[in-house]
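This report describes the structure shown below, topic by topic.

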Amino acid sequence: MTVSTNSPRGSYWITTFGCQMNKADSERMAGILESMGYSQGHGEHSADLVLYNTCTIRDNAEQKVYSYLGRQAQRKRENPHLTLVVAGCVAQQEGESLLRRVPELDLVMGPQHANRLDVLLAQVEAGQQVVATEEHHILEDITTARRDSSVCGWVNVIYGCNERCTYCVVPSVRGQEQSRLPEAIKLEMEGLAAQGFKEITLLGQNIDAYGRDLPGITPEGRRSHTLTDLLHQVHDVEGIERIRFATSHPRYFTDRLIDACADLPKVCEHFHIPFQSGDDELLRAMARGYTVDRYRRIIERIRSRMPEASISADAIVAFPGESDAQYRRTLALIEEIGFDLVNTAAYSPRPNTPAATWPNQLTEAVKVERLQEINALVEQTAKARSARYAGRSVEVLAEGVNPKDSSQLMGRTRTNRLTFFPIAKADGSSHKAGDLVTVTIDQVRPFSLSGKLG
Ligand code: SAH
Ligand code: SF4
Ligand code: F3S
């Protein structure tokens, strides 16, 4: 339901923290604001409505939000017409107590309420201070998201997470798993294709859980809705050239899925599969539900079907009780697998999570030291993986102009390496965002590549 359309309401500004889920939510909320008559402003210090879409995965992410809010509260005291909104995971975690901390706020809304922003703002306009954090069935999105890219789009396929990793705040802030119906997902992809989008990333915190909350069993006794089935179902959307998905969980990653990725030409050869630790005892303490060996077998199977595949992951160092030997097993696994990229983090105790209450927490000094060492190794491994592109021709999907050099476009390989190349073709015309371009790589860096056309 849209409260009223196109009555001019002033400008808005959204600042987004956190993961792709939050970015996708922000794009939908921007779409709602525009359908209400708001227009995009020029910055958070001049807009009439400021929305922070927040992240609480680690303490530093949460603290960042409070420092931004302090400045906005000051602005609001000078300009009472300012509308101040906190959305996302800190909003869900803190709820009412955020209002006590920052009484200038107009609206505090959890991630499950993103598609209801118009209704909630109507309550604000009626003079209320609103907190929307109750468990909510996520409405099918009926507004058009305002997307940052015109080439690569996110499409949510499952919201929430039913896992209980002992360090992780996500289940308590994102709620129970809710899968969207395949028809709704396909419809959204067709709409994006019609607008000229070329690449779709299907999103879920634990995307392998897709469909387990939907009814249906096949004659062979399998669930009828799985990520593998979904990939087959959406693969024929005309105009979409590339399909990606994230984030994968080793516990549920199936051989069927690997086969589908190998067999379906649009599905890119890039897999983001967090392993978190290279030590079985720690994986147990984290309640991850797999062993290091199981992880190895997944990667072997991927590489046997798709030798060019790139593999990225997340890892945590200095989890409670992590010994030096256990930490070194994580380093060893990074070397052994040869990851294209690993997002690393030092363990941060989070509210309402079991590991935060354990007595065997490690010191800040150990966290800093391990993080620095692992990051150096990740860079070295990434560099070695980048080297394989030197002199090779790769397909790059142009996403836009390189902000640091306007004679270049930037885009990604199918394996998700950021790549820079010249805009100008030999005949004097230009490439543009959305083009699939063949680039011969002549410079390799750990996390990006550059090359010539052709
Ligand atoms: N659903 C995904 C990712 C969730 S959050 C998964 O299951 O892997 C993204 C990453 O943040 C995680 O993979 C983990 O590496 C990191 N992370 C989550 N909680 C953390 C914490 N308390 N401290 C440090 N890193 C954390
Ligand atoms: Fe967090 Fe684990 Fe769920 Fe990932 S699978 S979001 S790490 S609880
Ligand atoms: Fe952060 Fe929430 Fe995503 S805590 S990582 S924004 S699910």
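## Backbone features in loops

N416 is partly exposed, because its relative accessibility is 25%; buried means under 20% relative accessible area, exposed over 50%, and partly exposed in between, with a 1.4 Å probe and protein chains only. N416 is placed in the loop between β16 (405–413) and β17 (418–422). Helices (H or I, at least four residues) and strands (E, at least two) are DSSP runs, numbered from the N terminus. The phi angle of N416 is near 80°, a positive value in a residue other than glycine. This is a predicted model, in which local features need pLDDT of at least 70 and side-chain atom pairs count only at pLDDT 80 or more, while totals for chains, interfaces and linings use all residues. Residues are numbered from 1 along each chain as its sequence is written, chains are lettered from A and ligands numbered from 1 in the order in which they are written, and side-chain values use heavy atoms, with hydrogens and water left out.

N352 also has a positive phi, near 60°, and is not a glycine. This residue lies in the loop between β14 and α13 (364–387), and counts as exposed because its relative accessible area is 67%. Another backbone feature is the cis peptide bond from A246 to T247, with omega near 5°. T247 belongs to the loop between β11 (242–246) and α9. As background, most residues other than glycine have a negative phi, and most peptide bonds are trans.

## Domains and their contact

The domain assignment divides the chain into domain 1 (10–132), domain 2 (152–388) and domain 3 (390–453); such bounds come from an automatic or database domain assignment. The centres of domain 1 and domain 2, taken over C-alpha atoms, are separated by 28 Å. Domain 1 gives 19 residues to the contact and domain 2 gives 21 residues, where contact means heavy atoms within 4.5 Å.

About 1700 Å² is buried between domain 1 and domain 2, and carbon and sulfur atoms give 55% of this area. Buried area is the accessible area (1.4 Å probe) that two parts lose on being put together, summed over both. Three salt bridges are counted between domain 1 and domain 2, a salt bridge being a side-chain nitrogen of Lys or Arg within 4 Å of a carboxyl oxygen of Asp or Glu. D25 and R174 form a salt bridge in which the closest N and O atoms are 3.1 Å apart.

## Two helices

Helix α11 (residues 292–305) consists of 14 residues and spans 20 Å from its first C-alpha to its last, close to the 20 Å expected at 1.5 Å a residue. The expected span is 1.5 Å times one less than the number of residues. Its buried residues are V292, Y295, I298, I299 and I302. They lie on the same side of α11, because they cover an arc of only 120° around the axis; the arc is that of the directions from the helix axis to the C-beta atoms. The exposed residues R297, E300 and S304 are carried on the face turned away from the buried side of α11. Packing against the buried residues of α11 are α9 (255–263), β12 (270–272), α10 (280–285), β13 (310–317) and α12 (324–337).

Helix α2 (residues 59–78) has 20 residues and reaches 30 Å between its first and last C-alpha, close to the 28 Å expected at 1.5 Å a residue. Among the buried residues of α2 are V65, Y66 and L69, together with E62, R75 and K76. The elements covering them include β3 (49–54), β4 (83–87), α3 (88–94) and α4 (96–101).

## Buried strand residues

A346 is found in strand β14 (residues 341–346) and is buried, with a relative accessible area of 18%. Leaving aside neighbours within four places in sequence, A346 is in contact with R58, I316, V317, K367 and L371. S448 is found in strand β19 (residues 448–453) and counts as buried at 11% relative accessibility.

## Salt bridges

The structure holds 38 salt bridges. One of them joins the side chains of R9 and E125 (2.9 Å, N to O). R9 lies in the segment before β1 (10–16) and E125 in helix α5 (residues 117–125), so this pair ties together parts that are 116 residues apart in sequence.

E308 and R388 also meet in a salt bridge (3.4 Å, N to O). Salt bridges that share partners join D255, D259, D263, R301 and R305 into one network.
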